[in-house]
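Hi,

Here is the structure I promised to pass on.

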Amino acid sequence: MAENDRLRLMEANLAARCGKLQEQVNNQNITINNLKEQNKILKLGNTLTQKGDSVELKLKINQLVRSIDHALASIDKSE
């Protein structure tokens, strides 16, 4: 009986740890996606400075900034 109780407690601890690790993985995935978006913005910015003023590029940059802001807001809500 004591062994059974010990194993159940160990299972509960492992399940809690698994949940925490899964949450950490999700947060890191969000961070990775945000960094990818920032990288796109930087690449677009470099293209913009190399090719001069382009309305289309400015709109794309604004769209990417909004998506990053949205992702950051969702991170803040989950924490």
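The chain has 2 helices and 0 strands; both kinds of element are DSSP runs numbered from the N terminus, with at least four residues (H or I) for a helix and at least two (E) for a strand. Before you read on: this is a predicted model, so local features need pLDDT of at least 70 and side-chain atom pairs count only at pLDDT 80 or more, while totals for chains, interfaces and linings use all residues. Residues are numbered from 1 along each chain as its sequence is written, and side-chain values use heavy atoms, with hydrogens and water left out.

The overall surface

Accessible areas come from the Shrake-Rupley method with a 1.4 Å probe, and for residues only the protein chains shown count as cover. Of the 79 residues in the chain, 14% are buried. Buried here means under 20% relative accessible area, exposed means over 50%, and partly exposed is in between (1.4 Å probe, protein chains only).

The core

The largest nonpolar core has 6 residues, namely Ile41, Leu44, Leu57, Ile61, Leu64 and Ile68. H1 and helix H2 (55-78) each supply at least two residues of this core, and H2 gives the most, with 4 residues. By nonpolar core I mean a set of buried Ala, Val, Leu, Ile, Met, Phe, Trp, Tyr and Cys residues joined through side-chain atoms within 4.5 Å. In soluble globular proteins, nonpolar side chains tend to be buried together.

Asn34 sits in helix H1 and counts as buried because its relative accessible area is 7%. With residues up to four places away in sequence left out, Asn34 touches Ile68, Ala71, Leu72 and Ile75.

Glu37 is also found in helix H1, which covers residues 2-51. Is Glu37 buried or exposed? Its relative accessibility is 18%, so Glu37 counts as buried. Leaving aside neighbours within four places in sequence, Glu37 is in contact with Leu64, Ser67 and Ile68.

Salt bridges

How many salt bridges does a search of the whole structure find? There are 2, a salt bridge being a side-chain nitrogen of Lys or Arg within 4 Å of a carboxyl oxygen of Asp or Glu. Side chains of opposite charge can pair when their charged atoms come close.

- Lys40 pairs with Glu37, and the closest N and O atoms are 3.5 Å apart. Lys40 and Glu37 are 3 residues apart in helix H1, so about one helical turn separates them. Lys40 is partly exposed, with a relative accessible area of 43%, while Glu37 is the buried residue described above.
- Glu3 pairs with Arg6, and here the closest N and O atoms are 2.7 Å apart. Glu3 and Arg6 both lie in helix H1, 3 residues apart, about one turn of the helix. Glu3 is partly exposed at 43% relative accessible area, and Arg6 counts as partly exposed at 43% relative accessibility.

Leu7, Met10 and Leu14 make a nonpolar surface patch of about 270 Å². Patches are made of residues with over 30% relative accessible area and no salt bridge; like charges are joined within 9 Å, and nonpolar side chains (Val, Leu, Ile, Met, Phe, Trp, Tyr) within 5 Å. Met10 has its place in helix H1 and is partly exposed, at 40% relative accessibility.

The C-alpha atoms of Lys43 and Ile61 are separated by 9.8 Å, and the two residues are 18 residues apart along the chain.

Cheers

Conventions: Contact = heavy atoms within 4.5 Å.
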